[in-house]
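Trainee: I would like to learn how to read local features in a model. Can we take them one at a time?

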Amino acid sequence: MSVHTVDGSSSVPTSTHSRPVSIHDLKAIKQRGERFAMVTAYDANAASILDDAGVPIMLVGDSLGMVVLGYESTVPVTLDEILHHTRAVARGRSRALVVTDLPFGTYQLGSDAAMSSAVAALKAGANAVKLEGGGETITSTRRLVAAGIPVMGHIGLTPQSMHQFGGYRVQGRDAAAAERLVADAIALEEAGAFSIVIECVPTDVGQQITNAVEVPTIGIGAGHHTDAQVLVWHDLLGLTSGRLPRFVKPYVNLRDTIGDAIKSFQTEVADGEYPGPEHQY
């Protein structure tokens, strides 16, 4: 697992060099002042690639609703759908920690619903689950952790609550809202969450939250002071079309590369060039 210190130098923690990554390894990374990456994964092939690259955490995100299933938001994603993709990712990875999003409606009705959904996720191959929000989610987090189920928190912009927020809007812009986010982060840590995703908040708020807790914070549109960063697989690889959120950085343009490859295939088929002698029995 390759991580980086705050001064940018490379470091490979010997504690996770030859065995699967654990939630305790992540806290140790923060204590050493190092940073790491989390990337979403939705199938076995992506999981294998991320594992080979040394990514320590894979998130089976409910973002699959938008980038894989064609929904307009994460809200329609079902538990069966997320479990299907969790099984695929679990089959493709060997070392990374697999975290599964619990979809909308599978834990908001209380800790009994959360327990049932989380147990199903772990039976499907997840190592941990992620729940959005504070409030009642904190109670559910405490119960899951007490039952031995690792929980990743998620505060700031919580996409499953997009209708309440009036869309995808930056959170924590005023002092009172920022204080509530810090309080939620502290409460999640006290409930036993092993890490906390912070989404779409001002940079200084991301820093306040990170400084307020001992568990790793994972930013997505939360500035550069968080302990880790997460991006969606399709966004990172330039597979997403249309306008991207400000925090997204495509590291390659695979959408055009794949399109060019498909066009070449079509041309060679039309011209009779493919399959050539070397591709025939």
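Trainee: Is Tyr274 buried, partly exposed or exposed?

Mentor: Keep in mind that this is a predicted model. Buried means under 20% relative accessible area and exposed over 50%. Tyr274 has 35% relative accessibility, so it counts as partly exposed. It lies in the segment after helix H11 (254–271).

Trainee: Now a helix. Which residues of H2 are buried?

Mentor: In H2, residues 44–53, they are Ala46, Ala47, Leu50 and Asp51. Viewed down the helix axis, these fall within an arc of 135°, so they line one face of H2. Asn45, Asp52 and Ala53 are exposed on the other side.

Trainee: Which residue caps the N-terminal end of H2?

Mentor: Asp43 does, with a side-chain oxygen 3.2 Å from the backbone nitrogen of Asn45. After H2 comes Gly54, with a positive phi near 85°.

Trainee: Last, a loop residue. Is Gly133 buried or exposed?

Mentor: Its relative accessibility is 15%, so Gly133 counts as buried. The loop that holds Gly133 runs between strand E6 (128–130) and helix H6 (136–146).

Trainee: Which residues does Gly133 touch, beyond those up to four places away in sequence?

Mentor: His154, Ile155, Thr158 and Leu188. Gly133 and Leu188 are 55 residues apart along the chain, with 9.4 Å between their C-alpha atoms.

Conventions. Residues numbered from 1 in each chain as written. Predicted model: local features only at pLDDT ≥ 70, side-chain atom pairs only at ≥ 80, totals over all residues. Heavy atoms only, no water. Helix = DSSP H or I, 4+ residues; strand = E, 2+ residues; numbered from the N terminus. Buried < 20%, exposed > 50% of the residue type's maximum accessible area, 1.4 Å probe, protein only. Contact = heavy atoms within 4.5 Å. Arc of directions from axis to C-beta. Polar contact = N/O pair within 3.5 Å; in protein donor to acceptor, adjacent residues only side chain to side chain.
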